[in-house]
Amino acid sequence: GSSTLDVPVRVQPRIPERRLRVELPGEPDPELNAALAAQEEPVVAAGAIALLANSLATGGGLVVLILIFGPVSGAHFNPAVTLAAATQGALPWREVCPYIALQVLGAFAGVAAAHGMFGEPVFFASLKIRTSGAQWWSEFIATFGLLMVIWGCVRQNITAVPYAVAAYITSAYWFTASTSFANPAVTLARAASNTFAGIRPE
């Protein structure tokens, strides 16, 4: 799971290249790191405990990343959020493709970094199949809910965004059948990881 901030406020329009640069290091996936750590310990890797570890690591990572990068780029880290921001006039359409390209690149870089920390190959194709009508519907619900959380906080209490997004993604791990990826860039990158968090390309 991962995502995240659609905030036009406090972003620096004078220097779009700076906004683009921070979308790259902000994209690595905390869930993948947690999944790799779980694989190191068979007891932790079991069922709900592994899911709990993943959800907490992802939620904590999101708070930090959004707090750091939100004032610079909006901390989207997610093509769905970037597209939604553009449709709402919060991001110029000319910046959408560069944002998404760097988000995807950052997601793959995050996979490589996580693999390196745990002694895995830089990339290796996932064998874990995750596709069904229920999975796709879960991802629609998860992504729609994420956007509602962001928009609601931006309109009512912008300072709550990092915590609300993190809380939502942490909980969405548990109430969706897909464990709430809610991020197309991270979903693509997980095809290059044959771990607990991996997704077999179909």
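## Ring pairs and the basis of the model

Two rings of Phe, Tyr or Trp (for Trp, its six-membered ring) are taken as a pair if their centres lie within 6.5 Å, and the pair is stacked when the planes are under 30 degrees apart, edge-to-face when they are over 60, and tilted for the rest. By this criterion, ring pairs link Trp137, Phe140 and Phe144 into a cluster, and a search of the whole structure finds five aromatic pairs.

The model is a predicted one, in which local features need pLDDT of at least 70 and side-chain atom pairs count only at pLDDT 80 or more, whereas totals for chains, interfaces and linings use all residues. Residues are numbered from 1 along each chain as its sequence is written, and side-chain values use heavy atoms, with hydrogens and water left out.

## Overall make-up

The protein has eight helices and zero strands, where helices (H or I, at least four residues) and strands (E, at least two) are DSSP runs numbered from the N terminus. Of its 202 residues, 50% count as buried; buried means under 20% relative accessible area, exposed means over 50%, and partly exposed lies in between, with a 1.4 Å probe and protein chains only.

Helix 5 has 22 residues and reaches 31 Å from its first C-alpha to its last, close to the 32 Å expected at 1.5 Å a residue, the expected span being 1.5 Å times one less than the number of residues. The buried residues of helix 5 include Tyr99, Gln103, Gly106 and His115, and helix 5 is followed by Gly119, whose phi is positive, near 70 degrees.

A pair of aromatic rings is described by the distance of the centres and the angle of the planes. Phe108 and Phe123 have ring centres 6.0 Å apart and planes at 70 degrees, so this pair is edge-to-face. The pair links distant parts of the chain, since Phe108 belongs to helix 5 (residues 96-117) and Phe123 to the loop between helix 5 and helix 6 (133-156), 15 residues apart. Phe108 is partly exposed at a relative accessible area of 28%, and Phe123 is partly exposed at 43%.

## The aromatic face of helix 6

Trp137 and Phe140 form a stacked pair, 5.4 Å centre to centre with 15 degrees between the planes; because they are three residues apart in helix 6, they are separated by about one helical turn. Trp137 is exposed, with a relative accessible area of 54%, while Phe140 is partly exposed at 47%.

Trp137, Phe140, Ile141, Phe144, Met148 and Phe175 make a nonpolar surface patch of about 630 Å², and the largest share of this patch, five residues, comes from helix 6. Such patches take residues with over 30% relative accessible area and no salt bridge, joining nonpolar side chains (Val, Leu, Ile, Met, Phe, Trp, Tyr) within 5 Å and like charges within 9 Å; a salt bridge is a side-chain nitrogen of Lys or Arg within 4 Å of a carboxyl oxygen of Asp or Glu. Accessible areas come from the Shrake-Rupley method with a 1.4 Å probe.

Most residues other than glycine have a negative phi. In the loop between helix 7 (161-175) and helix 8 (184-189) lies Thr179, whose phi is positive, near 60 degrees, and which counts as buried at 16% relative accessibility. Ser180, found in the loop between helix 7 and helix 8, has a positive phi near 55 degrees and is buried, with a relative accessible area of 0%.
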